[in-house]
Amino acid sequence: MSKTLIRGAKVLGDRALDVLIDGETVAAVGTGLDADGARVVEADGQILLPGLVDLHTHLREPGREDSETVLTGTRAAASGGYTAVHAMANTFPVADTAGVVEQVWRLGRESGHCDVQPVGAVTVGLEGKQLAELGAMHESAASVRVFSDDGKCVDDAVIMRRALEYVKAFDGVIAQHAQEPRLTEGAQMNEGTVSAELGLGGWPAVAEESIIARDVLLAAHVGSRLHVCHLSTAGSVEIVRWAKSKGWNVTAEVTPHHLLLTDELVRSYDPVYKVNPPLRTEADVRALREALADGTIDCVATDHAPHPHEDKDCEWGAAAMGMVGLETALSVVQHTMVETGLLDWAGVADRMSFRPAAIGRLAGQGRPVSAGEPANLTLVDPAYRGTVDSAGFASRSRNTPYQGRELPGRVTHTFLRGRATVMDGKLV
Amino acid sequence: MPLFPGGNPRTSGHLISAADLTRDDAVRILDTAEEMARLADRPIKKLPALRGRTIVNLFFEDSTRTRISFEAAEKRLSADVINFAAKGSSVSKGESLKDTAQTLEAMGVDAVVIRHGASGAPYRLATSGWIDAAVVNAGDGTHQHPTQALLDAFTMRRRLIGPDAGLGRDLAGRRITIVGDILHSRVARSNVDLLNTLGAQVTLVAPPTLLPVGVEGWPCEVSYDLDAVLPKSDAVMMLRVQRERMNAAFFPTEREYSRRYGLDVQRMERMPEHAVVMHPGPMVRGMEITAEVADSGRCTVTEQVANGVSIRMAVLYLLLGGSEHAGGSGNTATGTAETAATTGTAARTEEK
Ligand SMILES: [Zn+2]
């Protein structure tokens, strides 16, 4: 079995240690470890994190292979330091049967760049009318535990209640895309001063908050596990904070772009900034950062949403919603959370690996960096400064809102069960 | 050369939003339009100013009124005119705005007058590098309709100050009330921007459902009470209210809307004697305005139509550098006005 010695990396940003990988596991963590024939990675000044875990990735396969495939998407994930991603169910066909989730799971195994955990649809065809065969998806080879109609909201209160109750039988969780559909008909951007000026249909914060408020009450009532996707408003933070204070089983995620960008960018009418949920205000960004710092928001999830060039190279109203995010997530978190002093690197490990893995109940992911654990590891050079250039992306799509922007940090190595998927900043 | 319009370097050389016009830009356009209007009183209404220049009217939405107005303006300036009604053409079959733009670019057009259902489409066309031509926004979604705001301001200046007395002047201190569906109105947005730039005080009147969230940030007052505002208005602009809005619960019934926010003769009498009633058309008689008011001498609807041609002539003339063709006189408002008048004479001689 191959051995790798990572020498002198600050483990979770703390003490500089040597980490010896033997085969698929971490064999030893300590000082002055003997290379003993192992390949040596000099990691002076770098940060060693547990492999990142994304709860919210759109890999687009099957159906939209023009924008991303499981192969290209997992390569993008590895580049960004991820060792596991949850693949959202809004594919064509929808991942609402055991057959489709097994197909995605198998494609993930074949790609080998990171683990792919399929998410199952809550309802047939994401239509919100009839429960999909949640049990069959759980019992399939994909062992689905996270269910979501992401892209659409499970807006019917009875269907949502039943879904929450039903998945208790196998420790499942419903990940809700909170968007009241009637309040967002024709919505194009955050409703506020900018939308009023630009004449774009308003997407009110209350359309998100009212669904979250209802859902936390439903989850409490039936004693189930609820996960709230991509929180985007200060009001949503308040509701989740309140639900957690009651001891209810509610978790939440925030995207990197909602930690950094605001609706002021929409003034350019450039659809690269068109996303669901929409970019909000400066006050929302501040509340989201604080909530991620204090743990009200459990994790960062990318909502990596690749789109082909033509779907963004058009007028705002005709453009698709979404941004790619896997390859820039860690840099945005370093920029918005670490360099602002809101979160240390141990906090980053918690919000980008430990907690998302725990929510998804992923075995072998989001584990501490210690002897005997699976060697899923990410090495980051925090001193790196560079300009984002989508031409270098591993993703098939280029719809990044950070093109040309300077962001800190770079993933130099990613290890998936001991095997390097990224070496010296390059995909293996 | 100074930027024109000068309010936003990103869109200089185009007319995308009334907010991009400085006070001096706006007054210059109004003054040039005044010269154009005088031309309309002559037997030969044509100027050779844009001879050899090609202008495309690219209409993704039906609007015969606006299209005809631009077309008349373009023809009076002797431009070659291409009408491209994108509805029902390749565009509705999925060809993108970008492809259409590049087709027009390949044809070598000098200006594109665009009407589009999506807010921001003209801005995209002007700023995304798809095309080099000057872009004139003829109405985009619920965003802007700058030539409408200019023709409204022109109408107000003529009525409230006078065609000659108004030259070189703005609308400082005038009180303008805009009533109706503000939420869905590009006319309201453009008018608030331009009237504010020209020094007027604007009050919007509408039921709260038809005002956008965020209107608090606009440079104007907001009222829910039409009767209270009318006596303090120099001009009252009634906006069209579509009956379908009722079905989306913006207001309960047509009857209730016209009772609370419609303009009838009794209400009109609350206005000061000199005050005018305006409407961008098309009117929904019996809804926001009664037939009696619409047909009264205080209503400027037909004048607005005539003024629209003058304003659009002025905008195209200034954007396409008409002065070069008309004798190269300067960029000041008076300079332009003089050359316009001179070439008017030349045109008459030539076409005899
Ligand atoms: Zn979503």
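Colleague: Let's start with H10(A): how many of its ten residues are buried?

Modeller: Nine of the ten residues in H10(A) are buried, so this helix is mostly covered. Buried here means under 20% relative accessible area, exposed means over 50%, and partly exposed is in between, using a 1.4 Å probe and protein chains only. Helices (H or I, at least four residues) and strands (E, at least two) are DSSP runs, numbered from the N terminus.

Colleague: Which residues of H10(A) are the buried ones?

Modeller: Among them are Ala329(A), Leu330(A), Val332(A), Gln334(A) and Val338(A). Before we go on, this is a predicted model: local features need pLDDT of at least 70, side-chain atom pairs count only at pLDDT 80 or more, and totals for chains, interfaces and linings use all residues. Residues are numbered from 1 along each chain as its sequence is written, chains are lettered from A and ligands numbered from 1 in the order in which they are written, and side-chain values use heavy atoms, with hydrogens and water left out.

Colleague: Thanks. Which residue does UniProt list for "active site"?

Modeller: The UniProt record, an unreviewed entry, lists Asp303(A). UniProt positions are given in the numbering used here, feature names are shortened, and annotations may be inferred rather than shown by experiment. Asp303(A) sits in the loop between strand S15 (299-300) and helix H10 (329-338) of chain A.

Colleague: Is Asp303(A) buried or exposed?

Modeller: Asp303(A) counts as buried because its relative accessibility is 6%.

Colleague: And what is Asp303(A) in contact with?

Modeller: Leaving aside neighbours within four places in sequence, the residues in contact with Asp303(A) include Asp54(A), His56(A), His58(A), Asp150(A) and His230(A). Contact means heavy atoms within 4.5 Å. The side chains of Asp303(A) and His58(A) are also joined by a polar contact of 3.0 Å. A polar contact is a pair of N or O atoms within 3.5 Å; within protein, one must be able to donate a hydrogen and the other to accept it, and residues adjacent in sequence count only if both atoms are side-chain atoms.

Colleague: Tell me about His58(A), then. Where is it?

Modeller: His58(A) is in the loop between strand S6 (52-57) and helix H1 (70-79) of chain A. With 4% relative accessibility, His58(A) counts as buried. Its side chain makes a polar contact with the side chain of His56(A), at 3.4 Å. In the unreviewed UniProt entry, His58(A) is one of the residues listed for "binding site", and Leu59(A) is another.

Colleague: What about Leu59(A), buried or exposed?

Modeller: Leu59(A) counts as buried, at 2% relative accessibility. Leu59(A) is found in the loop between S6 and H1 of chain A.

Colleague: Switching topic: which residues coordinate the zinc ion?

Modeller: Asp150(A) through OD, His177(A) through ND1 and His230(A) through NE2 coordinate the zinc ion, at 1.9 to 2.2 Å. Asp150(A) lies in the loop between strand S9 (146-147) and helix H4 (157-166) of chain A, and His230(A) in the loop between strand S13 (226-228) and helix H7 (234-245) of chain A, so the pair ties together parts that are 80 residues apart in sequence. Donors are N, O and S atoms within 2.8 Å of the metal (3.2 Å for Na, K and Ca); water is not among the atoms, so sites may look incomplete. Asp150(A) and His230(A) are both buried.

Colleague: Now chain B. How many helices and strands does it have?

Modeller: Chain B has 13 helices and nine strands. Of its 352 residues, 58% are buried.
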